[in-house]
Structures are given as structure tokens and as C-alpha cells.
Amino acid sequence: MATFQHDVLIIGAGLAGMRAALAAQGEGADIGVISKVHPVRSHSNAAQGGINAALEATDSWEEHAFDTIKGSDYLADQDSVEVLCKEAGAELIALENMGVIFNRDDQGKLGTRRFGGAKKARTYFVGDITGQAILHVMYEQMTKAQESGESQMKVYEEWFVTSLISDGERCLGATVLDMRTGEIHTVLAKGTILATGGFGRVYEPSTNALICTGDGMSMAWRIGAPLMDMEMVQHHPTTLKGSGVLITEGARGEGAYLLNSDGDRFMKTYAPNAMELASRDVVSRAEQTEINEGRGIDGCVLLDMRHLDEKLIHERLWQIRELGIDLAGVDVIKEPIPIQPGCHYAMGGIKTNILGETPVPGLYAAGEVACVSVHGGNRLGANSLLDTVIFGRRAGVAAAEAGREIDMPIAPDSTIEGEQQKLQALLDRPANDEKIARIRWDLGISMDKNVAVFRSAEGLDEQQEEIKKLKARYETVPIEDKGKVFNTDLIFGLELGYLLDCAEAIVLGAITRTESRGAQYRVDFPERNDAEWLKHILLTYSPEGIRLDYQPVTITQWEPKERTY
Amino acid sequence: MKVNLNVKRFDPESDGSTRFQQYDIDMPENSTVLDALIHVREYVDATLALRCSCRSAICGSCAMRVDHRARLACKTKVTDIVSDEGQEITIEPMGNMPVIKDLITDMEVHWSKVRQVVPYLRPTGPPPEREYIVSNEAMLDVAGAVNCIQCGACVSDCPVLEIDKSFIAPAALAKAYRFTGDPRDGTKKERLEMLSNVEGGIWDCTRCNMCVEVCPKDVRPMDRIMQLREQAVAAGVKTNTGVRHGTSFANSVRRLGRLDEMRLFPESVGMFAVPRLLKELPGAFRMLWSKRLMMWTHAIPFAHKPIPGIKHVRRIYDQARSEKKEHSK
Ligand SMILES: Cc1cc2nc3c(=O)[nH]c(=O)nc-3n(C[C@H](O)[C@H](O)[C@H](O)COP(=O)(O)OP(=O)(O)OC[C@H]3O[C@@H](n4cnc5c(N)ncnc54)[C@H](O)[C@@H]3O)c2cc1C
Ligand code: FES
């Protein structure tokens with residue numbers, strides 16, 4: 001049991017977290033970085049396809065911004081999108097200069113590939129391991145920063161944040177479980193940045209790693225930070241049946257086709273111009289319609305790459321070829337691979353401004369956990385990695401700067417005792433037949449049934465009831481492992497609590513938004529309704545209940561238009 | 001299908017002993033070993049500890065010994081290991097690292113070695129206005145090494161590391177190649193000097209190929225180590241045991257058509273490294289005694305006669321040399 005202090009505490013060591021750490025160090029702050037897994041195990045490593053930036057002379061940040069806003073179905077805040085797209089080029093070059101081995105063109109300059117929802121080829125990539133390639137470079141830079149000794153940077157690896165500490169107004173830091181010892185500690189900070197990633201495991205199946213359990217969203221929510229756009233959950237069009245493992249959009253970017261059971265490129269019916277490269281919500285709905293109308297194959301449609309040059313697959317899509325062979329028994333060079341829409345990404349999250357500040361003083365957020373609202377109703381492929389580095393950097397700078405004016409907070413002793421009692425109470429629960437895994441499974445399957453690509457009032461109401469039941473079951477589920485060292489059972493128990501909070505918010509958002517926009521498609525309200533719904537839904541937690549607020553979408557220069565691909 | 005796991009358990013909070021525990025479960029066909037372990041953890045025995053996250057061979061969390069060989073559990077199908085249903089699959093933590101609990105090891109052994117190779121790009125000269133201009137071929141060449149997910153499988157099964165704790169080991173050396181092979185790095189020679197001269201550096205690999213066999217991402221660490229050696233020699237980093245050993249070996253065969261053991265050692269450590277030579281003298285006598293050096297005449301330095309077909313051997317050398325010249329043009 002100990003107390004640590006830092007100017008800036010960063011929770012999460014994925015791309016957003018590490019980018020924030022480097023930026024805060026650049027400002028001379030003393031930094032602590034906490035991650036429940038070793039930084040390179042963070043889920044950012046799974047990003048396959050690439051990262052967007054309008055860097056070519058033939059492209060412009062305005063075009064990138066327009067594609068992003070249209071992709072968002074006009075729910076993105078346009079001031080945030082402007083920041084994202086204006087700063088993209090410099091950030092991309094910074095990544096290259098740090099060491100990322102981006103693909104090159106014939107002249108040795110950065111080369112691009114096409115991605116969905118974009119008029120221009122502006123996706124920069126490393127084969128189909130872009131996230132891994134960038135994440136490992138970011139970790140290299142962290143090592144360099146630590147060796148340089150310019151300012152303190154301490155990385156707490158395999159430490160699990162259990163709660164944020166609040167005095168009712170400010171966020172003061174976090175309580176943490178050192179997974180290796182089972183000890184609880186407090187880490188106090190002048191500014192706390194959440195970079196804990198998404199909540200993909202709310203659904204089953206999901207492209208997300210097992211660690212993507214919405215921890216940050218739930219913890220911030222519990223101290224009064226509002227969650228925004230939570231109903232906007234992206235379902236990716238090409239995921240493997242069963243496991244939900246992703247096949248990158250880069251495959252379609254390189255020219256792969258989508259086929260139904262008749263062998264037709266069905267996208268011609270839904271998006272005659274963009275075809276396979278329409279935005280993700282459009283493609284996922286098209287696939288689901290084909291499947292529902294009986295033109296699927298065993299709940300899937302086919303992704304066909306047979307016509308692509310074999311060399312191109314070896315040089316640019318090697319990982320997904322291996323995944324196909326290992327997980328689906330299909331070599332994409334020889335056969336089309338069955339795929340289906342699957343839960344992929346949280347457009348919503350903790351509401352922040354363009355500095356990464358949340359409405360709770362002292363609390364910042366960046367990356368998938370946050371919602372500055374650059375993705376709105378639907379995120380464009382390869383815009384998320386960009387989001388993590390741009391807003392990670394901004395949050396790091398903002399927290400470090402603000403920290404200069406603030407004294408180190410003091411947390412009452414009762415904080416750590418309260419947290420310890422909470423965990424002990426979990427461990428002391430009497431045994432019964434309930435299993436954490438079973439509750440999580442039931443949650444995932446029901447969310448997939450009721451809150452996926454197509455949604456309806458009945459389905460959503462049913463899901464709201466289901467979540468109540470799951471929460472009741474969660475109240476008594478026992479933690480079977482009583483040990484201290486690497487008690488992963490306890491960790492899963494805590495994560496399930498976070499997942500249930502996220503699910504509750506997603507469903508409430510989806511019920512409230514009585515229109516169809518981006519990823520939210522209500523069969524009972526099939527039209528977009530700008531007159532009433534050009535606004536965000538904000539959910540604020542309090543012990544008395546959840547408060548609903550609305551905030552208008554910020555429009556700068558792109559008036560909402562009909563959206564066709 | 002019936003799956004029968006035999007898992008090595010270690011609980012640091014009990015008496016410190018290890019034991020094997022059997023889990024018989026039913027799994028869908030096509031399951032990976034990780035699926036099976038997760039099933040055990042979720043529904044059979046919540047105390048079983050392992051690391052895993054992505055389920056798709058990208059996060060590098062789930063390396064462990066399956067059937068006595070380091071593998072990613074998420075990339076290994078049950079049917080890759082056993083042909084008959086219910087046949088036992090042995091699961092153990094990785095080797096060459098301390099075990100923390102069950103299948104979770106302390107990977108600091110690995111990370112400390114990664115830090116040793118200065119694991120970040122060190123460009124020299126003024127930064128470019130935009131990106132560095134480099135060929136795609138160069139990027140694709142290092143991509144092979146960048147593909148490494150730091151899972152530790154090769155570190156686990158490296159036999160050199162098992163007896164020599166100073167060996168930088170395959171993964172960190174592959175990481176080193178990622179920088180020496182990158183045209184943007186300005187410290188290639190410095191890196192190669194360090195990697196050649198440091199204890200446990202590139203010349204300590206015995207080329208057993210184990211790392212290549214166990215690597216789940218086709219990084220082929222040993223091939224990278226060989227590339228590092230070539231780069232080192234090409235950069236003129238030659239005053240070390242490794243290079244001298246190779247040169248002496250090659251010269252001996254060219255001269256005699258066979259190995260001249262009496263010269264190999266002194267030439268490797270350096271003819272003037274008297275203390276080292278004296279230190280090894282007892283070993284040399286033992287070799288004589290045990291007839292590893294076949295004849296007394298062999299003990300007299302430089303007394304070998306070339307083998308009868310030496311002409312042909314030299315012709316092969318000349319051919320190889322001219323081809324190499326041609327190639328490097
Ligand atoms: C399969 C897949 C492919 C993708 N491909 C692309 C792509 O090609 N292009 C693109 O732009 N986007 C892509 N995305 C989206 C993108 O990868 C993610 O949105 C992004 O990487 C999220 O980064 P992050 O830094 O916000 O969070 P993460 O990388 O998920 O990191 C979260 C961090 O928080 C830590 N953490 C979480 N909870 C706790 C806790 N309680 N205590 C302590 N630490 C905690 C974790 O340990 C981790 O370090 C893809 C996503 C998936 C799933
Ligand atoms: S779970 Fe990520 S590599 Fe196996």
C-alpha cells in the first residue's frame with residue numbers, strides 16, 4: 001500500500017497513452033504511465049490497415065475533413081474534425097521520422113492505399129500491421145525518453161486501475177491494483193489522462209482484444225464525466241465468423257470484392273459508385289440485408305481476393321493471409337473467405353474538447369475512450385489511429401501545462417481503505433454456480449442480437465431489461481480465485497462491471513435517438529432527422545439515476561447534405 | 001471434441017513447488033489451444049493464470065510451451081498438436097525466464113536485452129523537411145524484423161541463452177537488425193561494433209535454427225543474426241573472435257582442404273592474446289590426450305599436408321569469391 005505522485009498520470013499505454021506521455025514529457029512534466037498490460041500488448045497493435053492524412057499535393061485537409069464529416073453522417077463536431085485533418089500531415093511525418101517504416105512509392109516517398117469512405121487515396125500503411133508497427137515505435141520512443149532522463153517517466157506495467165479518485169469536483173488520480181503483488185496503491189496527479197481504449201467486448205463476437213472492456217468510460221462516468229454518442233457503435237463489414245477477428249478494410253482498398261451466395265458483387269445495389277469502399281455502416285448494413293434476405297452463406301458473405309496479384313498479397317496483406325489460414329482454414333490467394341459484420345469500434349466515449357479536457361476538472365481523455373467527436377455516427381477507416389496520436393498529443397500538452405498552475409492533490413486515507421474494502425467484499429462473496437464468463441457471454445450475445453447493425457424499439461427495450469438482469473446477476477457472482485498474485489479472476493470481475501456500465505449507456509443512447517444516422521439504424525425510424533437530431537446525446541451518471549442532456553453538433557463550413565456513396 | 005490438457009502449475013503463494021494438472025474438456029473442432037485454456041479458466045478453474053489478449057497472434061501475450069515447444073497458444077490449433085481426440089497436450093510456461101504464476105513468466109530477461117541493443121532509430125544529420133526518402137525494398141527488408149511481436153518464444157527456446165545468460169538472444173538481435181538494416185539510422189557502424197564486441201553478441205549464436213523454428217511470425221531471427229554478421233564484416237568490424245574464427249576456418253579449409261585445429265583457436269582469439277591462450281592450454285592438452293587431435297604431428301603447428309583434391313576445394317573458393325564480387329556490383 002503506497003502513494004505515488006506525478007504531475008501527469010496517464011492511464012493506458014496504447015497509441016493515445018504513449019503519445020500523450022511523450023508530449024507531456026516534452027513539456028517537462030513528471031509522468032506516470034499505467035497499463036494493465038505491457039505497452040506493446042495494447043490493442044492499438046491490432047490496427048491493420050493504416051492511418052489517414054492529406055499529405056499529397058493533389059489532396060487537401062478540407063477534402064479529408066469533408067470525407068470524415070460525410071462519413072460521420074454529419075454528427076461529428078466540425079471544429080474537432082478540422083483539428084484532426086489539419087494536423088494529420090505533420091503528425092504522420094513525425095511518426096515516420098521517429099522510425100515507422102511506412103510503405104514507399106517508386107521514388108522512395110510515402111505511398112498510400114485507398115480506404116473506405118474516402119475520395120482520395122490518403123491512407124499510409126505498413127503492410128497490414130500498421131498499428132503494430134506504430135505502437136512498437138512509440139514504445140521505442142518511450143524507452144529513449146526514459147533513457148534521456150530529461151524528466152521523470154515511470155511506467156507501471158501490469159497495474160490495473162480500479163477507480164478514479166474524486167473529491168466531488170476534481171479528479172485527483174486513481175487507485176491501482178499491482179497485478180503482480182495484489183497490493184492496492186494510490187497514484188495522485190495534478191492531471192489524469194484516460195487513454196484506456198474501447199469497449200468492444202460488450203459484444204460477442206467482436207474484433208476487439210479481450211482487454212477492451214471499457215474500463216475508462218465506466219470509471220470516468222462513475223465520477224460524473226458525461227458519456228457522449230454512446231449509441232454509435234461501429235460494426236466492421238469484414239470479420240471472421242465465430243472469433244470475430246478482423247480482415248482489414250485494406251483488403252478492399254487493394255481491390256477485393258464482396259460477393260453474395262449468387263456470386264454477385266451486391267454492393268452495386270447499395271453504393272453504385274463507391275461499391276466495396278462505401279463507408280462501413282453502409283457496407284455492414286448491405287451485408288446484413290443480403291444475409292437476412294437469404295443470399296448469404298451460413299450467416300456470412302464472401303470476401304474475394306483471388307483476382308489480386310499474389311505478390312501484392314505477400315507484400316501488403318501478409319498478416320490477414322496468415323489469419324485466414326490459421327483461424328478460418330482459408331488461403332485468400334486461392335479461395336474467397338467468409339466474413340460477416342462484427343462489433344469493432346466505439347465512436348462515442350467520454351466527452352472532451354479539442355484539448356482533451358473532460359467536463360471534470362483534472363480529468364482528460366484521448367483515443368478510443370474519448371469522444372471529441374471526430375467520428376460522429378460512423379468512423380472512417382484509418383481515422384482512429386490518427387485520432388489517438390493527434391488528441392493524445394494534445395491532451396498530454398494540455399495536462400502538463402495545466403499542471404504548472406496546480407498543487408499536488410492530497411487524497412484522504414479513506415480512499416485506499418474504501419477501495420480495499422470494495423475488492424475484499426468481492427473476494428468474500430459466497431460461492432455459487434454463477435460464472436463471470438457466463439454473464440459476459442450472455443451480455444455479448446444479447447447485445448449482438450438487439451443492438452447491432454439493425455435496431456428497433458422492442459429489441460432495445462428487451463436489451464434494457466436484459467442488462468438489468470445481468471447487473472443483478474453480477475451483484476452476486478463469486479470471485480473464485482482468492483490469491484493475490486495475478487488474480488485474473490478478480491480482474492475479469494472488475495472488467496465485467498465496466499462492460500455492464502458501457503452496455504447500459506449504449507442501449508440508453510440507442511433508445512433515445514429515434515432516428516437513423518451512421519451506425520444507429522432504427523428500423524422503426526429509418527430516416528435521418530436533422531430537424532430534431534443534429535445533436536449529441538450526453539449521459540451523466542449519479543447514484544440517483546442517469547441524466548440525459550443534448551448538445552448541438554458544431555457546424556463550421558459543411559452544411560448537412562444527403563449521404564450517398 | 002475431447003481435449004485433454006496437462007498444465008504445469010505454479011502458485012507462488014503456496015509451498016513453491018510445481019505440479020501438473022489435468023483438465024479434460026469438450027471443445028468445438030477447430031479450437032486453438034488458447035480457446036481451450038480460456039475455457040478452462042472461465043468455466044473449470046478460475047485460478048489458472050495465463051496472459052492473452054488479441055486472440056490473433058498480434059499482441060504477443062500468449063507465448064508458452066505447448067508440447068514442449070514455445071508457441072503462441074492462439075495460433076496453435078489443438079489438432080496441430082494431437083491427431084487423436086483426447087490425446088494429452090502438455091502446456092508449460094516459457095523457458096529461460098522466471099515463472100511468476102502458472103503460465104505467466106517474467107519477461108524482464110527479454111526486455112533488458114532489447115534495451116541493450118539501443119532499440120530506437122538514431123538518425124544523424126539534420127532532420128529532413130518531410131519524410132526520409134528511402135526505397136520500399138529497404139523498408140520491406142526490415143519489415144520482416146518489424147513483424148516481431150516480442151512474444152518471447154525464441155527467447156524461451158534458445159539453447160545458447162540457456163547456458164550463457166549474457167547472450168543477447170534472438171529477438172533482441174532481430175530488433176537490432178531492424179535498425180542496422182534501416183537506411184535512416186545513422187549509427188549502423190557503432191551498432192555493429194557493439195553487437196560484435198559485446199559479451200553475448202552476434203558471434204555467440206550457434207546457428208542451431210531453433211529460433212527460426214519456433215518463431216510464430218516468420219521473423220527468422222537467426223537469419224537476421226547472420227545478416228548482422230555480414231553487415232559487420234562488410235563494415236570492417238573484424239577485430240573480434242567471431243570474425244577471426246570464421247576467417248581462420250575458411251583459410252584453413254582453403255589451404256588444406258580440412259580444419260587445422262591447432263591454428264583455429266589461436267587465430268580466433270588473436271595470436272597475441274597470450275593470457276587467453278595460456279588459459280586454454282590445459283584444454284588443448286586434454287584434447288590431445290582424448291585423441292580429438294588425431295596425431296602427434298598435428299600438435300606441431302603448420303605441419304599439415306593438404307588433402308589430395310585440394311585443387312578442387314580452391315576452385316570452389318575462387319568461384320564463390322568471384323560470384324560474390326559480381327553480386328556486390
Ligand atoms: C482489429 C482492429 C483493427 C483496427 N484497424 C485500424 C486501422 O487500420 N486504422 C485505424 O485508424 N484504426 C484501426 N482500429 C482502431 C484503433 O486500432 C483503435 O481505436 C486504437 O488503436 C485505440 O487506441 P487507444 O490508444 O485509444 O487504446 P488501446 O490501444 O486499446 O490502449 C488502451 C490502453 O489502456 C490500458 N488500460 C485499459 N484499461 C485499463 C485499466 N483498467 N487499468 C490500466 N490500464 C488500462 C491498456 O492496458 C492499454 O494500454 C482497429 C481496431 C481493431 C480492433
Ligand atoms: S493472444 Fe495475442 S498473441 Fe496470442
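**View 1. Residue classes in the lining of the largest pocket of the predicted model.** The space within the largest pocket amounts to about 1,600 Å³. Its lining comprises 50 residues, of which Thr241(B), Gly242(B), His245(B), Gly246(B) and Ser268(B) lie closest to the pocket centre.

**View 2. Helices and domains of chain B that contribute to the largest pocket.** At least two lining residues come from each of the chain B helices H8 (188-197), H10 (221-234), H11 (241-256), H12 (261-269), H13 (274-289) and H15 (310-328). Among the contributors to this lining, H13(B) gives the most, with 10 residues. Domain 2 (108-234) and domain 3 (241-328) of chain B each provide at least three residues of the lining.

**View 3. Centre of the second largest pocket.** About 1,200 Å³ of space is found in the second largest pocket. Among the 39 residues that line this pocket, those closest to its centre are Glu204(A), Gly242(A), Ser243(A) and Trp441(A) from chain A, together with Asp35(B) from chain B.

**View 4. Helices and residue classes in the lining of the second largest pocket.** The most is given by H1(B), with 7 residues. By class, the lining of the second largest pocket holds 20 nonpolar, 7 polar and 12 charged residues.

Key. Residues numbered from 1 in each chain as written. Chains lettered and ligands numbered in written order. Predicted model: local features only at pLDDT ≥ 70, side-chain atom pairs only at ≥ 80, totals over all residues. Heavy atoms only, no water. 1 Å grid on protein atoms, 1.4 Å probe; cavity = no way out; pocket = protein on both sides within 12 Å on 5 of 7 lines; lining within 4 Å. Points joined across faces, edges and corners; volume = space filled by probe spheres on them. Helix = DSSP H or I, 4+ residues; strand = E, 2+ residues; numbered from the N terminus. Nonpolar A, V, L, I, M, F, W, Y, C, P; charged D, E, K, R; others polar. Domains from an automatic or database assignment.
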